[in-house]
Amino acid sequence: MKYFSDKIIQSLNINQSYIITIRIKIFMNKILLLLVIVLSSCTSIKNQNKHINDLLPAEKLLSDVNFIHKKLIKMHPDLYWYISKKELDFKFDSIKTTITKPITSYDFYKKITPVLLSIRQGHMTIQPQVKQFSKTEGLALSKKGVGPLSQFELECFDNKLIITKNKSYNKSISVGTEITAINGENAFSIIDRYKKLFTSDGFNTTFKNNRVGRNFGLFYTYENGIKDSLNYNFKKNDSIKLITILRKVVDTTSKNKKKTIKLTFNEKKKKKILAKLLEKRKNIYGYNNTLKIYNRNLKFIEKDSAVALMKINGFQIGDYEKFYKESFEKIKKFNSKTLIIDLRNNGGGRLSEIADLYSYLSDADFIFSDKTEVTSKTSLFRADYFKGVNIPNKIIRLIVSPIYAGFIYFSVHKSDSGSYYYSTGDDKIQKIKPNSFKGKIYVLINGGSFSASSIISSNLKGSKRAYFVGEETGGAYNGCVAGRMPIVKLPNSKIKVRVGLMKIVPFYKSKVLGRGIFPDKEIIPTIQDRILGVDPELEWILNDCKTIN
């Protein structure tokens with residue numbers, strides 16, 4: 001690390017002692033700033049909540065419009081991928097004419113969102129100003145139990161809001177039940193409104209249908225705040241029932257009643273070994289503590305292990321290199337002839353992970369993606385370097401920040417055409433792994449297959465290496481703008497806009513603009529499939545395997 005830092009200093013031809021002095025000053029200033037932020041956070045939260053519904057002057061909102069427009073031009077590497085500059089400029093100019101009087105931040109959110117969504121980048125999200133909770137308030141809320149929205153898993157079928165899992169205390173509500181109204185408002189109207197609050201990549205529609213159901217609770221909370229109870233109209237077999245769902249209090253009495261069991265020395269030793277093995281498994285398979293599931297799983301379906309099923313919920317969390325290495329060693333050992341990769345509802349993740357996985361799937365050495373385009377040598381400095389990091393790790397990141405900044409700066413190059421690109425190494429020829437799979441590959445996809453899961457699907461589809469089953473992916477065939485995605489906070493309305501800084505394009509591309517990867521065999525699940533608990537896409541593949549064999 002020191003060697004790398006010295007190289008940066010030498011290349012800049014600046015006196016080392018001067019650099020050290022500057023770094024110390026910057027470091028101390030950042031430490032002081034960090035302390036100020038921590039100490040003032042509670043006051044800031046209270047002040048923001050107090051003014052959340054205030055009417056904001058028109059001139060301040062107009063200032064926010066100009067602010068986000070300029071930010072997008074500076075940060076977004078392909079702002080006009082799906083819309084012309086002339087058309088986008090017109091939309092920004094048009095919205096200004098509608099802001100003539102004071103309105104609330106949320107009303108402004110409803111105005112600015114359609115303009116931002118016209119850019120048609122699915123990774124760009126817009127979050128309204130919402131009530132903030134301190135750590136103490138958050139803990140108190142969690143102790144009150146699970147809210148009425150979180151007690152159901154939902155999907156959208158033909159603009160109908162359907163319960164696919166009931167986690168509430170009311171067990172009379174069965175899977176397949178339709179929610180026709182919430183607090184007296186028609187569910188169809190709510191769904192239609194929420195579909196206008198986010199976009200997909202390009203002109204895809206499956207992503208919207210998928211996300212509006214699975215993230216319904218998030219959008220409802222944005223609009224209505226956190227609720228302790230909701231009045232639902234449930235429809236089942238043409239019968240409609242009005243049922244109030246209250247916050248579900250978590251039962252902690254059983255935990256308190258647990259008896260302490262004295263273990264022998266050998267039992268303690270065995271328990272310790274098992275705990276270490278479980279921790280290792282969680283790390284490799286990527287255990288999601290929030291959802292209580294593993295990000296990656298491998299199992300063998302047939303008795304002779306001829307068919308391997310790899311379910312990947314997301315390309316993040318855990319040691320993916322170990323997982324894929326161990327998995328493909330097992331697949332080779334068991335002499336599996338068919339591999340099914342399930343990418344349904346996989347929202348994406350790390351580019352490095354999908355490139356590693358592809359090296360086990362490709363039948364020849366490959367180039368995984370084009371050069372990653374950015375707007376300038378310094379645009380990646382806008383990334384959220386401290387996002388999701390606790391205080392001790394923030395201090396560590398502060399210490400290494402000059403080295404990190406130097407690495408980023410010298411990793412961005414200017415092409416002959418004048419554009420800038422960030423070196424990821426994926427635009428170079430890569431070798432396939434020794435244990436790469438040689439058999440038949442099926443890939444399960446749907447509208448929730450987005451971002452990185454679409455990038456790897458593009459290459460598998462383009463190279464004709466896999467057969468796709470399901471529905472069109474939610475992510476675009478020809479790539480996306482994502483990678484580093486900082487949050488831009490509008491100064492007056494406090495609306496948060498997530499902006500991608502990197503244009504990531506797979507090696508294989510489609511001539512169809514703004515659409516996803518289409519399945520070779522389209523199978524779209526029905527409400528009846530959910531009621532019966534069947535998986536029509538997987539069943540079709542297993543039957544097809546028998547036909548081939």
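In this predicted model, Cys156 has a relative accessibility of 13% and therefore counts as buried, since the cut-off for burial is under 20%. Cys480 is also buried, at a relative accessible area of 4%. Zero disulfides were found in a search of the whole structure.

Nonpolar packing was examined next. The largest nonpolar core holds 104 residues. Phe216, Met310, Tyr324, Phe328 and Ile456 touch the most other members. Helix α5, spanning residues 105-117, gives the most to this core, contributing seven residues. Another core lies apart from it and has 11 residues, including Leu309, Leu444, Ile541 and Leu542.

The contacts of Met310 were then listed, leaving out residues up to four places away in sequence. Met310 touches Phe323, Tyr324, Ser327, Phe328 and Ile331, among others. Its contacts also include Asn297 and Leu298, the run Leu339, Ile340, Ile341 and Asp342, and Leu357.

Strands of a sheet pair through backbone hydrogen bonds, either parallel or antiparallel. Here, six strands form an open sheet with mixed pairing. Their order is β10-β11-β12-β18-β19-β24. The edges are taken by β10 (296-300) and β24 (521-522). Each has a single partner strand, so one side of each is left without a neighbour in the sheet. Within the sheet, β11 (residues 307-312) and β12 (residues 338-342) run parallel and are joined by five bridges. In one of the pairings, Val307 has Thr338 of β12 as its bridge partner.

Notes
Residues are numbered from 1 along each chain as its sequence is written. This is a predicted model: local features need pLDDT of at least 70, side-chain atom pairs count only at pLDDT 80 or more; totals for chains, interfaces and linings use all residues. Side-chain values use heavy atoms; hydrogens and water are left out. Two strands pair if DSSP finds at least two bridges between them. Helices (H or I, at least four residues) and strands (E, at least two) are DSSP runs, numbered from the N terminus. A nonpolar core is a set of buried Ala, Val, Leu, Ile, Met, Phe, Trp, Tyr and Cys residues joined through side-chain atoms within 4.5 Å. Buried means under 20% relative accessible area, exposed over 50%, partly exposed in between (1.4 Å probe, protein chains only). Contact means heavy atoms within 4.5 Å. A disulfide is a pair of cysteine sulfur atoms within 2.5 Å.
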